[in-house]
Amino acid sequence: MTLLDTDLDDAPAPQGQLTLKLLASRQDTNVYGDISGGWLVNQMDQAAELAAGREAGGRTATVAIEAMDFLSPVRVGSMVSFYTQLQEVGHSSMKIDVEVWVRALHEQHPDERQKVTEARFVMVALDDNGRIRAVHD
């Protein structure tokens, strides 16, 4: 691929479907004033659960996080968007990629988005008794 084959105006964009959108607030910070990684993981887990529940048509649970990378800190006041993309469906499990993007509301360029973390969640479908079931009954 040469430089002529790429479009230099293409900005990185989220992959997947917008599943959750929240405002990062002071109550979610660590001791340094940034949004804690634990808060982000919790919200990512909820986004993965929503996406898995849509696919499975019901209750699901997280069984693993295969990979996770934190790329930059999230500041208080940022609008945090969680995008999900179903990557694989097995008999009872689903692999869902979750990307987290922020818009800093108080920056010079408030329309700029920045990816701050990503992970792959492994979810399983559950029946009403909490036992693993087929994704598609």
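**Helix and sheet in the predicted model**

Of the 137 residues of the protein chain, 35% count as buried. The model described here is predicted. The protein chain contains one helix and five strands, and read from the N terminus the elements follow the order β-α-β-β-β-β. Among contacts between residues at least 6 apart in sequence, 70% join residues at least 24 apart.

The five strands form an open sheet in the order β1-β3-β4-β5-β2, and the pairing is antiparallel. The edges of the sheet are taken by β1 and β2; each has a single partner strand, so one side of each is left without a neighbour in the sheet. On average, neighbouring strands of the sheet are turned by 25° against each other, direction ignored. Helix α1 packs on this sheet and touches β1, β2, β3, β4 and β5, and the direction of α1 makes about 130° with that of β2.

The strand pairs can be taken in turn. β1 and β3 pair in the antiparallel sense over six bridges, and here L18 stands opposite Y83 in β3. The antiparallel pairing of β3 with β4 runs over 11 bridges, and the bridge partner of L86 is I96 in β4. Three residues lie between β3 and β4, and the two strands form a hairpin. β4 and β5 are also paired in the antiparallel sense, over 11 bridges; K95 stands opposite V122 in β5.

The helix, α1, covers residues 37–56 and has 20 residues. From the first C-alpha to the last, α1 reaches 28 Å, close to the 28 Å expected at 1.5 Å a residue. Just after α1, G57 takes a positive phi of about 70°. The buried residues of α1 are W39, L40, Q43, M44, A47, A48, A51, A52, G53 and A56. What covers these buried residues includes β1 (17–23), β2 (60–70), β3 (78–89), β4 (93–104) and β5 (113–125).

The largest nonpolar core has 25 residues, and those with the most contacts inside it are L40, V74, V80 and F82. At least two residues of this core are supplied by each of α1, β3, β4 and β5. The largest share of the core, eight residues, comes from α1. Not counting residues up to four places away in sequence, F82 touches Q17, L18, T19, L20, L22, L40, Q43, M44, A47, E99 and V100.

Q43, one of the residues that F82 touches, is found in helix α1. With a relative accessible area of 8%, Q43 is buried, because buried means under 20%. Leaving aside neighbours within four places in sequence, Q43 is in contact with L20, L22 and F82.

T117 lies in strand β5 and has a relative accessible area of 0%, so T117 is buried. A polar atom of the T117 side chain lies 2.6 Å from the backbone oxygen of D69. Apart from neighbours within four places in sequence, T117 is in contact with M44, M68, D69, F70, L71, V98, E99 and V100.

R120 is also found in strand β5. A polar contact of 2.6 Å joins the side chains of R120 and D97. D97 is among the residues that R120 touches; not counting residues up to four places away in sequence, the others are A64, I65, E66, A67, Q87, K95 and I96. R120 and D45 are 75 residues apart in sequence, and their C-alpha atoms are 9.9 Å apart in space.

Conventions: Residues numbered from 1 in each chain as written. Predicted model: local features only at pLDDT ≥ 70, side-chain atom pairs only at ≥ 80, totals over all residues. Heavy atoms only, no water. Helix = DSSP H or I, 4+ residues; strand = E, 2+ residues; numbered from the N terminus. Expected span 1.5 Å × (residues − 1). Buried < 20%, exposed > 50% of the residue type's maximum accessible area, 1.4 Å probe, protein only. Contact = heavy atoms within 4.5 Å. Core = buried A, V, L, I, M, F, W, Y, C linked by side-chain atoms within 4.5 Å. Pairing = 2+ DSSP bridges. Axes fitted to C-alpha atoms, helices over the stretch in contact; angles between N-to-C directions. Polar contact = N/O pair within 3.5 Å; in protein donor to acceptor, adjacent residues only side chain to side chain.
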